[in-house]
Every structure is written in structure tokens, then in C-alpha cells.
Amino acid sequence: MYIGEKIKPQKGKILNNLKELKPSFSTYVIVLDFREKKIEIYHSIIFINICKTQKSNRFIIIGIAANKQEAFRLVRDIVQDIYKVGVGLDFSPLSGLEVK
């Protein structure tokens with residue numbers, strides 16, 4: 001999981017809140033969306049609302065950030081790491097994983 005520098009001190013609390021579908025007001029969530037086959041950034045409040053209304057396992061959380069700018073930096077790091085490994089952006093092997 002990719003964790004932004006500004007959010008590291010609160011990482012445990014934020015991850016627990018996300019598992020319990022409780023939003024954190026100053027948190028952005030970076031997810032893999034298996035339906036759309038892309039990486040997306042959501043404010044945690046919006047992400048929690050989507051999870052509650054859609055009741056699907058189309059997302060896996062791959063990062064958390066303290067603000068939008070930090071989230072964009074993490075996405076850049078994620079994409080760079082994917083290309084270093086050489087797997088491209090094919091997320092189908094991960095489709096069995098879910099966010100509850």
C-alpha cells in the first residue's frame with residue numbers, strides 16, 4: 001500500500017475507519033477500479049458513499065493521502081513502479097481481491 005508522508009502518523013486510524021466505512025475528512029483514497037480497469041482517486045467521504053450505495057467489490061485500496069496533491073504524487077509513484085516491474089496496467093490478476 002502506498003501511504004503519503006503527511007498521513008503516515010494517522011495511517012492505522014484511517015485504515016480502520018475505511019474498513020468500517022467511516023470517512024476521514026482530510027483523506028484521499030487511491031483505488032483500483034476493476035469494472036472500469038483504472039486507478040482512481042476519491043475523497044474518503046465520496047468513496048465511503050460509493051461503497052455503501054453500490055455494495056460491490058469492484059475496488060481495492062492501494063493508497064491513502066492527506067490531500068489531492070499528495071494523492072497525485074502517489075499515483076505517479078504507482079504508475080512508475082508498475083512500469084519498472086513491466087506488468088503494464090493489466091489489473092485482471094487482482095480482480096479476486098475486494099474492499100469490504
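The side chains of Asp33 and Arg58 form a salt bridge, with an N to O distance of 2.6 Å. This pair links distant parts of the chain, since Asp33 belongs to strand β2 and Arg58 to the loop between α2 and β4, 25 residues apart. Both Asp33 and Arg58 are buried. The model is a predicted one.

**Other salt bridges**

- The structure contains 5 salt bridges.
- Glu20 is joined to Lys22 by a salt bridge whose closest N and O atoms are 3.2 Å apart.
- Glu20 has a relative accessible area of 48% and is therefore partly exposed; Lys22, with 43%, is likewise partly exposed.
- Arg76 and Asp77 meet through their side chains in a salt bridge of 3.3 Å, N to O.
- Asp77 is partly exposed because its relative accessible area is 26%, and Arg76 is partly exposed at 44%.
- Side chains of opposite charge can pair when their charged atoms come close.

- Strand β2 spans residues 28-33, and 6 of its 6 residues are buried.
- Cover is present on both faces of β2: Tyr28, Ile30 and Leu32 are buried on one side, and Val29, Val31 and Asp33 on the other.
- In a regular strand, side chains alternate between the two faces of the sheet.
- β2 pairs with strand β3 (residues 38-43) in the antiparallel sense over 6 bridges, and Val31 stands opposite Glu40 of β3.
- The hairpin formed by β2 and β3 has 4 residues between the strands, and Lys37 in the turn has a positive phi of about 55°.
- β2 also pairs with β4 in the antiparallel sense, over 6 bridges, where Ile30 stands opposite Gly63.

- Helix α1 covers residues 11-19, and its residues Ile14, Asn17 and Leu18 are buried.
- Viewed down the axis of α1, the buried residues fall within an arc of 100°, so they line one face of the helix.
- An α-helix has 3.6 residues a turn, so residues three or four places apart point the same way.
- The elements that cover the buried residues of α1 include β2, α2 (44-54) and β4 (59-65).
- Leu21, in the loop between α1 and β2, has a phi near 60°, a positive value in a residue other than glycine.
- Leu21 has 21% relative accessibility and therefore counts as partly exposed, the cut-off for buried being under 20%.

Note on methods. Residues are numbered from 1 along each chain as its sequence is written. This is a predicted model: local features need pLDDT of at least 70, side-chain atom pairs count only at pLDDT 80 or more; totals for chains, interfaces and linings use all residues. Side-chain values use heavy atoms; hydrogens and water are left out. Buried means under 20% relative accessible area, exposed over 50%, partly exposed in between (1.4 Å probe, protein chains only). Helices (H or I, at least four residues) and strands (E, at least two) are DSSP runs, numbered from the N terminus. The arc is that of the directions from the helix axis to the C-beta atoms. Contact means heavy atoms within 4.5 Å. Two strands pair if DSSP finds at least two bridges between them. A salt bridge is a side-chain nitrogen of Lys or Arg within 4 Å of a carboxyl oxygen of Asp or Glu.
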